Structures are given as structure tokens and as C-alpha cells.
Amino acid sequence: MTADDRRVALVTGATSGIGVEIARRLVADGLRVVVSGRSVERGEAVAAELGDAASFVRADLTEESAAEALVAAVVEAHGRLDVLVNNAAIDHTGPLLDTPASEVRATFETNALAALACLQAAGRAMRDAGRGGAIINITSRLASIGVPTMAVYSASKGALLALTTAAAVELAPLGIRVNAVAPGMTRTPLFEAWAAEQPDPAETERRVAASIPLQRIAVPEDVAAAVAFLARPEAAYITGASIPVDGGYLAQ
Ligand SMILES: NC(=O)c1ccc[n+]([C@@H]2O[C@H](COP(=O)([O-])OP(=O)(O)OC[C@H]3O[C@@H](n4cnc5c(N)ncnc54)[C@H](OP(=O)(O)O)[C@@H]3O)[C@@H](O)[C@H]2O)c1
């Protein structure tokens with residue numbers, strides 16, 4: 001296989017946490033991977049660590065036409081786009097009834113609208129190339145359950161879950177598969193920061209782990225493994241699915 005035959009993946013939000021591990025895993029699977037995010041420093045460091053198969057393209061997905069420009073940059077650099085991982089997101093915590101509209105908008109802009117715009121731009125590139133493709137949306141267990149103070153984030157991830165099933169049906173004739181991966185609590189900088197703010201971080205971690213049937217908090221590798229599987233040709237008959245990577249939490 002020549003370098004140009006290798007499939008190309010775009011991973012949004014790959015300057016931190018789960019996205020970095022997804023990029024690493026896709027590179028290990030032989031794909032060329034474009035790492036994206038807002039932080040140039042972290043993005044370039046991730047791409048450098050992953051070697052020649054990886055490169056970084058900066059994008060703030062809340063900016064006008066950012067998704068379109070990002071996908072265009074990938075296609076221009078690599079000549080193709082086969083896999084999109086919609087991973088970029090922001091967290092939001094706060095009492096539902098008192099959350100200002102500006103915070104609701106900001107959460108939806110990144111977690112739902114930017115992901116939708118990336119899906120549209122990547123889907124058009126895949127349609128034009130006529131080779132099909134795989135789109136994987138990183139949602140959350142909170143797309144399906146309620147946790148106090150997480151309603152706005154939940155609703156944004158619920159929108160992404162609904163988009164997954166609707167897009168899977170509409171894009172299936174084009175050979176474009178659309179699936180979701182729904183992580184439970186996962187050890188990332190986001191989680192560590194949250195745990196550190198708790199009155200007793202060690203006790204908090206024990207309590208969280210005890211609430212999970214598999215009795216541990218996920219690591220980014222757990223999520224990346226599911227994404228890598230959905231990106232592979234052997235997942236050719238899977239579309240419109242949502243795979244929970246939550247240690248059995250949703251099964252309770
Ligand atoms: N960690 C968990 O417990 C957990 C649980 C369930 C679901 N998830 C989901 O898993 C995914 C990854 O989470 P994580 O914990 O790895 O989060 P993280 O460490 O905070 O990483 C979030 C990524 O999103 C990027 N991002 C945020 N806003 C952006 C914007 N406007 N434009 C472009 N990129 C933007 C960030 O890039 P920059 O900082 O460079 O802008 C960063 O790379 C998210 O979709 C999250 O909702 C996480």
C-alpha cells in the first residue's frame with residue numbers, strides 16, 4: 001500500500017483527553033490522522049508525538065464556516081477524507097432553571113451545532129469522492145439519562161444522538177455509516193479537574209467507581225477502542241448504532 005492509499009481520519013477535539021487517544025489508536029490502525037482543536041501548542045505536540053501519519057489543523061468550531069474550512073484543509077492536504085470523529089465538546093454544569101441562555105447557546109454551539117456542521121462538510125466530501133465513509137459521534141451516557149445540574153449538556157448530547165440515527169438512515173445509500181459512542185465517566189483532564197474540586201477527591205472517585213457495574217472509571221483507551229472498531233471496514237454493516245462505553249452503567 002502506498003502512503004496515498006491510506007485512509008484519512010479527522011478527529012475534532014484531539015488536543016486533549018479522549019480525542020488524543022482516538023487519534024493515537026487510528027494511527028496505530030494505519031490511518032493518516034488530522035488532529036484538530038483550538039490550542040496550537042497542544043495540537044502540534046499531539047501531532048508530533050504521533051509521528052508522520054498525524055498532522056494538526058487548528059479550528060475553533062464555533063466560528064462561522066469553521067467546519068467547512070477544516071474539512072477543505074484535510075481534503076486539500078491528503079486528497080481524501082474517510083473517517084470523521086466528532087469528539088470536540090465542552091462541559092456544562094449548572095442548575096437547569098437558572099442557566100442563562102448564553103450558556104445554553106454556547107453548549108449547543110460546540111456540542112451539537114458544530115458537530116452537525118462537521119458531519120455535513122465531511123459527508124459532502126465523502127459523497128463527492130464516492131467511496132463512502134464512517135462518521136462517529138462522541139455523545140455521552142448523559143444523552144440517555146438525567147443527572148441533576150447536567151441537563152443542558154445532556155440535551156446537547158441528546159441532539160447529537162438523534163442526529164446520529166437520522167443521518168445514518170439518510171446517508172446509508174451513499175455508503176456513509178454514522179454511529180455514536182457514548183462514554184461514561186472517563187479519566188481525562190476534565191474528570192481529574194472535577195474530582196480535584198470535590199471535598200474528598202479519593203472518596204469521590206471510590207463512590208463513582210462503586211456506581212459502575214464494572215467497578216472502575218473508564219480510561220480514554222476504552223473509548224478509543226470502540227471508535228477504532230466503528231471506523232474499520234469490518235464494521236461495514238453497523239450504522240445508526242450507539243455503543244455505550246460506560247462499564248455497564250446504562251444497563252442498570
Ligand atoms: N471525560 C468524560 O468523562 C466524558 C464522558 C462522556 C462523554 N465525554 C465526551 O468525550 C469527548 C471528549 O471529552 P474529554 O473528556 O476528552 O474532553 P476534553 O479533555 O475537555 O477535550 C475536549 C476537546 O474539545 C476541543 N474543543 C472544545 N471546544 C472547541 C471548539 N470550539 N472548537 C474546536 N475544538 C474544541 C478541545 O480543544 P481545545 O482545548 O484545543 O480547544 C479539546 O481537544 C467530548 O465529546 C465529551 O463530551 C467525556
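In this predicted model, seven strands form an open sheet. Their order is E3-E2-E1-E4-E5-E6-E7, and the pairing is parallel. Strand E3 (54–58) and strand E7 (242–245) are the edge strands. Each of these two pairs on one side only. From one strand to the next, the twist averages 20°.

Helix H3 (residues 66–78) lies across strand E1 (8–11), E2 and E3. H3 runs at about 145° to E3.

Strand E5 (residues 133–138) was examined next. Six of its six residues are buried, so E5 is largely enclosed by the rest of the structure. The side chains can be sorted by direction. Gly133, Ile135 and Asn137 point one way from E5. Ala134, Ile136 and Ile138 point the other way. Residues of both groups are buried.

E5 pairs with strand E4 (residues 83–86). The two strands run parallel and are joined by four bridges. Within this pairing, Val83 stands opposite Ala134 of E5. The chain passes from E4 to E5 through helix H4 (residues 101–129), and this β-α-β crossover is right-handed. A further position in the pairing is Val85, whose bridge partner in E5 is Ile136.

Helix H5 (residues 151–171) carries the chain from E5 to E6. This β-α-β crossover, too, is right-handed.

The two connecting helices pack on each other. Two packed helices are described by the angle between their axes and the distance between the axes. For H4 and H5, the angle is about 15° and the axes are 9 Å apart. Angles under 35 degrees count as roughly parallel, and H4 and H5 are therefore roughly parallel to each other. H4 passes H5 in a right-handed crossing. On the H4 side, the contact is made by Glu103, Val104, Thr107, Phe108, Asn111, Ala112, Ala115, Leu116, Leu119 and Gly123. On the H5 side, the residues are Val152, Tyr153, Ser156, Lys157, Ala159, Leu160, Leu163, Ala167 and Leu171.

Definitions and conventions:
Residues are numbered from 1 along each chain as its sequence is written. This is a predicted model: local features need pLDDT of at least 70, side-chain atom pairs count only at pLDDT 80 or more; totals for chains, interfaces and linings use all residues. A residue is buried if 20 or more other C-beta atoms lie within 10 Å of its own, exposed if 12 or fewer, and partly exposed in between; C-beta atoms are placed from the backbone. Two strands pair if DSSP finds at least two bridges between them. A crossover is right-handed if, with the strands pointing away from the viewer, the path from the first strand over the helix to the second runs clockwise. Axes are lines fitted to C-alpha atoms, for helices over the stretch in contact, and angles run from 0 to 180 degrees between N-to-C directions. Angles under 35 degrees count as roughly parallel, over 145 as roughly antiparallel, 65 to 115 as roughly perpendicular and the rest as oblique. A crossing is left-handed if the near helix is turned anticlockwise from the far one by less than a right angle, and right-handed if clockwise. Two residues are in contact if their C-beta atoms, placed from the backbone, lie within 7 Å.
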